[in-house]
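Thank you all for coming. I would like to take a few minutes to walk through one model, and I will go slowly enough that you can follow along on the screen.

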Amino acid sequence: MTQPDPVTRPNTPAMTGLAGWVEARLPVISAFRAEYIDFRLPRNLNGLWNFGAILTVVLMLMLATGIFLAMNYTSTNAGAFLSVEAIDRQLAGGWLLRAMHMTGANLFLAALYVHLFRGLYYGSYKAPRELLWLSGLVLLLLVMATAFAGYMLPWGQMSYWGADVITKAVGAVPGIGPDLEHIMAGGDHLGDVFLHHFFVLHFLLAFAIVAVVGLHVTLVHVNGSNNPLGIEPRTPKDTVPFYPYYISKDLVGLILFAMVFAALMFFWPNVLIEADNYTPADPMHTPADIEPEWYFLPFYGLLQSVPSKFGGLLASAASLLILFALPWLDRSPVRSMRFRPLCRIGLFGLVAAFILLAAAGKHHAQGGWLIVARLAGIYYFSYFVVLLPLVSRREKTRPLPSSIFAAEGKR
Amino acid sequence: MPPHIYRPVAGLLIALGLSGAALANEPDKAPPHQAWSFEGPLGQYDQSSLQRGFIVFQHVCSTCHGMRNLTYADLAGIGLTQQQIAETAKTKPQPGAPDATGQPTMRPGLPDDHLNSPFPNDAAAAAMMGGIAPPDQSRLAMTHPGGPDWLYAFLTGYRMPPPADAPVVPGKFYNDWAAGHMIGMPPPLMNGMIQYPDGTPATVEQQARDITTFLVWASDPHRNERHSIGKAVMAYLIVLLALAIAWKRKIWKRLKTQ
């Protein structure tokens, strides 16, 4: 797999000058060459494999804009809303910084869901990539926590009442609940202490994400990428070097993503903006309609579909935690859903259940939506604990191609 | 794209919860839609309407409503010159530093000062205004369900005298677009109550249009800039995309000839 590409890579010239001096002491240049130029990837990766690069770039954008926003933010009950208004109105270019950070937060979660779906569909969680999958799930949890903490900071009505709902949900944990609630709220009332805690957490978690991304990327480079066929490359013919093949492909994906980003940010910001959060937090006035950001809606739907508050909390937590067990629940030796007709339908059902849970969450699981949410919730869990372990063993899978290169020739 | 393609997409977006929450607490009927220069993905504010709207705000709205998140300097966004801004600010005294004996003083306003609120705080406003504080207008056009169309319908929706079957409540006025049709705010606009320096006839409808435009600007002051930067960014990305696709094709063609 490490054989140089005969087309693009002639012999490496010996490094001289400063580069050679650095290389002799810390081989960063050869390491970069090995991991980002010569690094070989399956030649059949499709557009869904762009999202790793996209997420990395959005993460860097979030850090860059977030640092400047933090420099102008005040984490107090009285000052938070006004400082965000001042960023939006009076700080030169502040509106653009904030627009990038808000759009980035939404599209980060959106890209993360696509990335997660790709892992599910092509069986990227299977051996030898279990640690890669687990590190990715840790990232998902960290990103969700960071997004939640970040949404608190403008301290509008939705921030405040979102915090109210979540701290009270935590309070429903039997035994230690009230203490946990007190610690999370930072006192008897949501105010200065709560905001300060969540501001620090938002910042801290952002850098924790960078660290885990480092681990995640290392794991990709050690284990190699999965691919749409789910079979390992066997000969150099099955792979191409990262440069220039996937650099050029990632670039196209990134520009397309940037266009969606720019269109939402510049032309349709209201698609992502919750107008209610531009009313300052008011503990005396409960808004008519408290709902989380769209990316939390499936979990919110699940939370509300269970009659007991603690039960709902457990169901939401379990829906995420069960993903950690996935590499051991799915025993099929075939990775890609392309060759698993039954599980493929099952997985599309899972996506439908996820969207239905979100729709039910949007409607507060009221009326008919309660039944929808319960059915979707039951299906969600049965996919993992019934369908995958049982069906996957008996499923008649389609024959796998002999190699990636051979499969391409057939098309 | 033909419009029928949008519908399932819009439905999906709503199902995914991407639509604004505003729709949820709207009154029973939506206010009639008005044509606004600033609407749509490329809309731009009408600068002369903004400046007329500011006159209405100064003479009418600001006697009861605050707009505390804006500074006088922000008014550069509606086309006021630095001198006009300095003069406007100067007429609004602000609390200054205590004098040598510790007595509070007042000083003339500066461009960096926030717009004066008519009441020292919400409680004082509520006490003076019959129990309900007039809402701050910094983000009103954005946060009020119905947005600009509702503002216009509301400002032109007072009925004097009220319909025969409407209950008479002392201190309340009948408006088609107020919650429960009764509101403590008296009809703020009258034909010819102000004179526009540009000679535009100051009808109630014209004033309502202008103040609505101004309030939308206040809630989203960088819209003009955002839309024009957006167009440039999109044009740049389209060119970049074409180049990137050409490069990618050239690279990947090598594999086919192998």
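Before the first residue, one convention: helices here are DSSP runs of H or I with at least four residues, and they are numbered from the N terminus. With that in place, Tyr36(A) belongs to helix 2 of chain A, which covers residues 28-36. Please keep in mind throughout that this is a predicted model, in which chain A averages a pLDDT of 94 and 96% of its residues score at least 70. There is one stretch I would treat separately, namely residues 6-10 of chain A, where pLDDT stays under 50 and the model has six contacts beyond four places in sequence.

Now to the domains. Chain A is divided into domain 1, residues 39-290, and domain 2, residues 297-411, and their centres, taken over C-alpha atoms, are separated by 22 Å. Where they meet, 30 residues of domain 1 of chain A are in contact with 23 residues of domain 2 of chain A. On the domain 1 side of that contact, helix 5 (94-121) and helix 6 (130-152) of chain A each supply at least two residues, and the largest share, five residues, comes from helix 6 of chain A. By class, that side of domain 1 has 18 nonpolar, six polar and six charged residues.

The packing gives a related picture. The largest nonpolar core has 82 residues, and those with the most contacts inside it are Phe108(A), Ala111(A), Leu357(A) and Ala360(A). Helix 5 of chain A contributes the largest share of this core, eleven residues, and the core draws at least three residues from each of domain 1 and domain 2 of chain A. Which residues does Ala360(A) touch, not counting those up to four places away in sequence? They are Gly301(A), Ser305(A), Ala365(A), Trp369(A), Val372(A), Ala373(A) and Ala376(A).

Ala365(A) has a positive phi of about 50° although it is not a glycine; Ala365(A) sits in the loop between helix 14 and helix 15 of chain A, and it counts as buried because it has 25 C-beta neighbours inside 10 Å. Helix 15 of chain A, residues 368-394, bends by about 50° at Ser382(A). Its buried residues include Trp369(A), Ala373(A) and Ala376(A), and the buried residues of helix 15 of chain A pack against helix 11, helix 12, helix 13 and helix 14 of chain A.

Finally, chain B, which has eight helices and four strands, and in which buried residues make up 28% of the 258 residues. His181(B) also has a positive phi, of about 65°, although it is not a glycine, and His181(B) is in the loop between strand 3 and strand 4 of chain B; with 18 C-beta neighbours inside 10 Å, His181(B) counts as partly exposed. As for how the chains meet, the contact takes 36 residues from chain B and 38 residues from chain A. Helix 8 of chain B gives the most to the side of chain B that touches chain A, with 17 residues, and the residues of that side divide into 22 nonpolar, nine polar and five charged.

How values were computed:
Residues numbered from 1 in each chain as written. Chains lettered and ligands numbered in written order. Predicted model: local features only at pLDDT ≥ 70, side-chain atom pairs only at ≥ 80, totals over all residues. pLDDT = per-residue confidence, 0-100. Contact = placed C-beta atoms within 7 Å. Buried ≥ 20, exposed ≤ 12 C-beta atoms within 10 Å, placed from the backbone. Nonpolar A, V, L, I, M, F, W, Y, C, P; charged D, E, K, R; others polar. Domains from an automatic or database assignment. Bend = angle between axes of the 7 residues up to and from the residue. Core = buried A, V, L, I, M, F, W, Y, C linked by C-beta atoms within 7 Å.
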